[in-house]
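Hello,

Here is the structure I promised to pass on. Have a look at it first, and my notes follow below.

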Amino acid sequence: MTAPFAAASLGPDLTTPMILALPKGRILSECGPLLARAGIIPAPDYADEDSRRLRFPTDDPLLDVVRVRPFDVATFVAFGAAHLGFCGADVLMEFDYPEIYAPLDLGIGKCRVSVAEPAETAGTDDPSRWSQVRVASKYPNIARRHYAGRGIHAEVVQLNGSMELAPGLGLCRVIVDLVQTGSTLLANGLVETEVIAPVTSRLIVNRTALKTQPEAVAAWIARFRAALETDERSKRPK
């Protein structure tokens with residue numbers, strides 16, 4: 001029997017602040033200008049990684065910001081703990097939550113999900129002839145789908161960090177990981193051999209919240225869309 005849980009945050013109570021989940025880490029600094037263009041001013045310590053506080057009010061009494069791990073943003077939104085979030089496309093690909101609607105590409109956090117392997121073995125074998133491969137990744141679903149699409153069985157060793165060590169220590173043949181500049185791969189003797197998908201951050205919305213509070217949620221989507229359009233206009237040559 002499944003224990004009941006409170007879902008009040010998804011109800012139509014318009015006096016309770018909506019929750020926007022933001023990712024900790026490198027993308028958090030890129031969120032600031034976008035929030036500002038949308039007219040959202042969180043409490044100053046929301047961007048302070050040393051702050052012990054995780055929930056922050058904004059200048060709008062009907063919006064609070066929470067700061068969570070990048071991989072957890074989608075989970076908070078899918079299960080209704082947050083109404084909206086900024087989430088990497090890599091996380092959406094990995095979890096594929098049906099409860100999430102992603103209406104906007106925010107254009108921040110640009111990187112890619114890629115395959116990498118040791119430089120000394122890269123190009124020495126034809127991957128199309130493999131029947132199976134051992135892969136280290138924090139993206140087991142993406143890795144399995146990628147190789148299954150080529151008729152290759154992927155044995156995935158799930159790691160949450162230090163992925164670049166795995167091939168050199170004999171743990172796997174290749175890794176599937178998030179790559180931004182490739183400098184970490186290079187420093188550990190690996191080369192990027194294939195890009196599985198480009199990645200940017202998306203605005204995500206809980207589908208139940210969109211149904212129960214359509215006007216409020218649509219208003220926030222419109223504000224972020226307008227902020228993105230303002231940014232695009234500012235970049236056009238005059």
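Which residue in β10 is the bridge partner of Cys111? That partner is Val199. Before I go on, a word on the basis: this is a predicted model, in which local features need pLDDT of at least 70 and side-chain atom pairs count only at pLDDT 80 or more, while totals for chains, interfaces and linings use all residues. Residues are numbered from 1 along each chain as its sequence is written, and side-chain values use heavy atoms, with hydrogens and water left out.

Cys111 and Val199 belong to a pairing between β6 (residues 111–118) and β10 that is antiparallel and runs over eight bridges. Strands here are DSSP runs of E with at least two residues, helices are runs of H or I with at least four, and both are numbered from the N terminus; two strands pair if DSSP finds at least two bridges between them. The open sheet has five strands in the order β8-β7-β9-β6-β10, with mixed pairing. β8 (153–158) and β10 (190–199) each have a single partner strand, so one side of each is left without a neighbour in the sheet. On average, neighbouring strands are turned by 30° against each other, direction ignored.

Helix α4 (residues 140–148) lies across β6, β7 (132–137), β8, β9 and β10, at about 165° to β8. Such angles run from 0 to 180 degrees between N-to-C directions, with axes fitted to C-alpha atoms, for helices over the stretch in contact.

Ile175 is buried, with a relative accessible area of 0% (buried means under 20%, exposed over 50%, partly exposed in between, with a 1.4 Å probe and protein chains only). Leaving aside neighbours within four places in sequence, its contacts include Ser114, Val135, Met163, Pro167 and Leu190, where contact means heavy atoms within 4.5 Å.

β2 pairs with β3 (residues 63–68) in the antiparallel sense over three bridges, and Phe56 stands opposite Val65 in β3.

The largest pocket holds about 790 Å³ of space. A pocket is an open set of points on a 1 Å grid over the protein atoms alone where a 1.4 Å probe fits, with protein on both sides within 12 Å along at least five of seven lines; lining residues have an atom within 4 Å of a point. Of its 38 lining residues, Asp90, Lys138, Tyr139, Asp177 and Leu178 are the closest to the centre. Helix α3 gives the largest share of that lining, four residues.

The second largest pocket has about 210 Å³ of space. Its lining has 14 residues, with Leu106, Gly107, Leu228, Asp231 and Lys235 nearest the centre. The largest share, five residues, comes from α7.

Happy to talk any of this through.

Best wishes

Definitions and conventions:
Grid points are joined across faces, edges and corners, and a volume is the space filled by probe spheres set on the points.
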